[in-house]
Amino acid sequence: MEVVTTPVRLPDDILALISSKLPIRARVLMIPLVCKSWAQVLTRRDCWKEIDLFPWIDSNDRRLRHTNLADKREKMVRMLVPRSSGLLHTLCVYGLESLSIFSLIAENGTRLRTLRIPESDITDPMVQQIAARFSMLTVLDVSKCMFLDAPGLALIGNNCRMLEELHRRMYLHFLDEVPPVYDDEATAIASTMPNLKFLDIGGHSINTEGVHMILGACSKLKRLCMWRCFNVQAQNLGLAKNRFPKLTVWGPQPTDSFILLGYHPLEPLLLYDFDSKF
Amino acid sequence: MSSSVEAITVLSSDGDEFKITVSAAKLSKPLNWMLEDVCFSDDCDEVPTIEVNSKTLVKVIEYCEKHAPRANSGASDSDAEELKKWDIEFMKMDVKDILFHILMAANYLHMEGLYDLACQTAADLMKGMTVSQIRKIFHIKNDFSSEEQEQLRRQHPGCSFD
């Protein structure tokens with residue numbers, strides 16, 4: 001191979017790697033329009049291992065994130081996920097609704113490591129149908145999946161034995177509003193997810209007992225985020241006594257570091273989404 | 001020649017001589033093979049040629065020398081942090097002639113770290129560009145006919161999302 005002074009065509013392997021590092025929007029809307037050979041490279045399945053639709057959906061004033069537009073988001077997933085033909089490694093998309101879309105992800109997702117589907121309408125029976133396919137999963141985000149319950153979480157825990165990171169954030173409550181206690185999910189997490197290193201339950205109506213149970217069962221836990229979990233009395237957790245030296249805890253009181261944790265600056269506005277959903 | 005050699009001399013594709021320390025050459029498999037050849041063969045007069053031009057080879061060697069100590073010993077987190085900053089500075093280069101060659105050279109020399117870094121740099125660069133800007137920096141000719149282009153615009157499934 002000779003490197004000459006006037007650039008020649010980029011070899012396909014190099015172009016494929018560059019493409020896989022581009023945001024998905026550029027991979028879909030720009031690269032195939034550059035020239036025929038670039039369009040050809042984009043048909044390779046290794047260009048589609050990572051499908052992160054969050055930035056695309058959040059662009060244009062987050063218009064695509066609206067609950068009414070689930071069919072558009074599902075259309076994107078239907079178009080893109082099969083391109084990975086089984087190599088899919090990372091999938092991030094908001095608000096999916098239909099069983100067929102979850103089945104499609106499951107079919108293509110046997111190598112999936114990171115699955116983020118917050119605000120989706122996934123239910124426990126759906127989880128039952130597909131959970132066995134996700135045995136490689138290490139990161140799961142089922143925040144604000146309001147139809148998912150404790151049995152569904154337990155199914156996930158039992159099938160995804162490598163799970164290290166669980167996001168189960170809920171819609172936020174107002175400061176003066178004490179939510180009803182709901183601890184079944186704590187039991188499910190504590191009994192089926194012993195390998196968790198990072199747990200994010202911001203806004204969850206879990207109580208002190210539940211958090212206690214999780215801390216006792218998940219001995220590898222390094223980061224616990226319970227922002228605005230108003231049923232939790234942090235002082236009763238024994239954190240001050242240094243019982244969990246490796247653990248960093250955020251919350252329940254709000255602090256500035258939440259944006260660092262991946263909380264969107266507009267997060268409290270999601271109460272509006274809550275209204276539109278119910 | 002004994003294994004106490006500290007640096008080898010190589011030629012670039014345009015005939016200039018360069019010195020690479022042994023520890024730095026270990027970052028690339030092909031360079032490492034050359035090194036072994038030089039160390040263990042009897043007639044070590046021959047200077048191996050690397051099919052990379054001088055301008056690019058300077059950068060490649062600079063990268064190797066910087067990364068060699070860490071690759072060979074394994075360093076602390078603060079070192080890794082510093083190295084990351086250095087990488088970013090290192091990659092602030094003129095795209096038109098050098099990034100393209102760095103990509104080719106890193107691929108050819110099997111240097112995973114540099115290859116990945118260069119691809120990331122190219123991707124970051126392309127992020128904010130239009131299709132015609134991309135064509136320009138990579139010297140690509142638009143080989144779609146006007147009908148094909150019109151068809152692409154109409155049929156492109158993604159376009160309807162915006």
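In what order do the 8 strands of the open sheet in chain A stand? The order is 1-2-3-4-5-6-7-8, with parallel pairing. This is a predicted model, in which local features need pLDDT of at least 70, side-chain atom pairs count only at pLDDT 80 or more, and totals for chains, interfaces and linings use all residues. Residues are numbered from 1 along each chain as its sequence is written, chains are lettered from A, and side-chain values use heavy atoms, without hydrogens and water.

- Strand 1 (50-52) and strand 8 (248-250) of chain A are the edge strands, each pairing on one side only; pairing requires at least two DSSP bridges between two strands.
- Strands are DSSP runs of E with at least two residues, and helices are runs of H or I with at least four, numbered from the N terminus.
- Strand 6 (residues 198-200) and strand 7 (residues 223-225) of chain A are joined in the parallel sense by 3 bridges, and A:Asp200 lies opposite A:Cys225 of strand 7.

**A:Gly152**
- A:Gly152 belongs to helix 9 (residues 150-159) of chain A.
- A:Gly152 is buried, at 0% relative accessible area (buried is under 20%, exposed over 50%, partly exposed in between, with a 1.4 Å probe and protein chains only).
- Beyond neighbours within four places in sequence, A:Gly152 contacts A:Asp124 and A:Val127 (contact means heavy atoms within 4.5 Å).
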